[in-house]
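Reader: Please take a close look at the aromatic and nonpolar side chains in this model. I would like one connected account.

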Amino acid sequence: MRVAINGAAGRMGKLITKIAIDEGLKISQAFDINEVGRDAGELAGISKLGVKITHPSEIHTLDCDIAIDFSTPSSTLNLVREAERKGIKLVIGTTGHNEEQKKVIMNASKKIPIVMSPNFSIGVNVFWKIVERAIENLGDYDIEILEIHHRFKKDAPSGTALKTGEIIREVLKKKGKDVNFIFGRHGESLRGEEVGILALRGGDVVGEHYVYFIGFGERIEINHKAWSRESFARGAIKAAKWINDIDDPGLYTMSDVLGL
């Protein structure tokens, strides 16, 4: 299985490179705007692979079985278009796409298999299922989402927090309850039928997500804390192995990969 990594010089890209080699995958290409010309293996802290970091402007040279993307929204789209043209399967972990960019990915998934998730951690995907079950009995409670990430994260709220909010909204919608999101409060702000999604940024926090169900006289908290990106990288490799056996086009999630 030949794998190309888009965003190979980033923290996730380097970790995915290392784990992919540990798992017996072959890195065939590596793309990034940084560290161009460097050996991808050496950059990841392992032995040289003979695969140099190539600038994303060369994405037209894409030649692999599966491409794993942890880059930027605009770089994702260039990869998606090329993968669609060549029939290459995708694993997308980049977050922060706008609605138009999401439509491009959705349209491509009608022709090629794509696994896309804001979080590839197995623990986070189980966390989402726990939240989903909790709402079935706590839908009348006030619900708040809080996330904390490192100071260098570009998008806010995190894709994981937004996905958590969508899960909550979908369950409550089935119960006939409309919910809006609110992204911060100030001044006079009486609570209505809403879910608050709040983002904190600082230091080197890998990622923490909290959901609060707040009633009268009690509060239930569900949380997931990551202290290493390894769980995300291992999940992405698991997704790549899974989609390697999928022939039907579609936009899949980690729930599909994990059988949840």
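**Nonpolar surface and aromatic contacts**

Author: A nonpolar patch on the surface is formed by Ile 122, Val 126, Ile 130 and Leu 260, which together have about 320 Å² of accessible area. The model is a predicted one.

Next come the aromatic rings. Such a pair is described by the distance of the ring centres and the angle of the planes. The count for this model comes to 4 aromatic pairs. One of them joins Phe 70 and Phe 120, with 6.0 Å from centre to centre and 55° between the planes, and is tilted. An angle over 60 degrees would be needed for edge-to-face, and one under 30 for stacked, so 55° falls in the tilted class. This pair links distant parts of the chain, 50 residues apart: Phe 70 is in the loop between strand S4 (66-69) and helix H3 (73-86), while Phe 120 is in the loop between strand S6 (113-116) and helix H5 (122-138). Phe 70 and Phe 120 are both buried.

Another pair is made by Trp 242 and Tyr 252, which is edge-to-face, with 5.3 Å centre to centre and 75° between the planes. Trp 242 lies in helix H7 (residues 230-243) and Tyr 252 in strand S12 (residues 250-252), so the pair ties together parts that are 10 residues apart in sequence. The two partners fall on either side of the 20% cut-off for burial. Trp 242, at 22% relative accessibility, counts as partly exposed, whereas Tyr 252, at 17%, counts as buried.

Charged side chains also meet aromatic rings. The charged end of Arg 151 sits over the ring of Phe 152, at 5.7 Å from the centre of that ring. Lys 163 lies over the face of Trp 128, with 5.7 Å to the ring centre.

Terms used:
Residues numbered from 1 in each chain as written. Predicted model: local features only at pLDDT ≥ 70, side-chain atom pairs only at ≥ 80, totals over all residues. Heavy atoms only, no water. Phe/Tyr/Trp six-rings, centres within 6.5 Å; stacked < 30°, edge-to-face > 60°. Helix = DSSP H or I, 4+ residues; strand = E, 2+ residues; numbered from the N terminus. Buried < 20%, exposed > 50% of the residue type's maximum accessible area, 1.4 Å probe, protein only. Lys NZ or Arg CZ within 6 Å of the ring centre and 35° of its normal. Patch = residues over 30% accessible without salt bridge, like charges linked within 9 Å, V, L, I, M, F, W, Y side chains within 5 Å. Areas by Shrake-Rupley, 256 points an atom, 1.4 Å probe, with all protein chains shown as cover. Salt bridge = Lys/Arg side-chain N within 4 Å of Asp/Glu carboxyl O.
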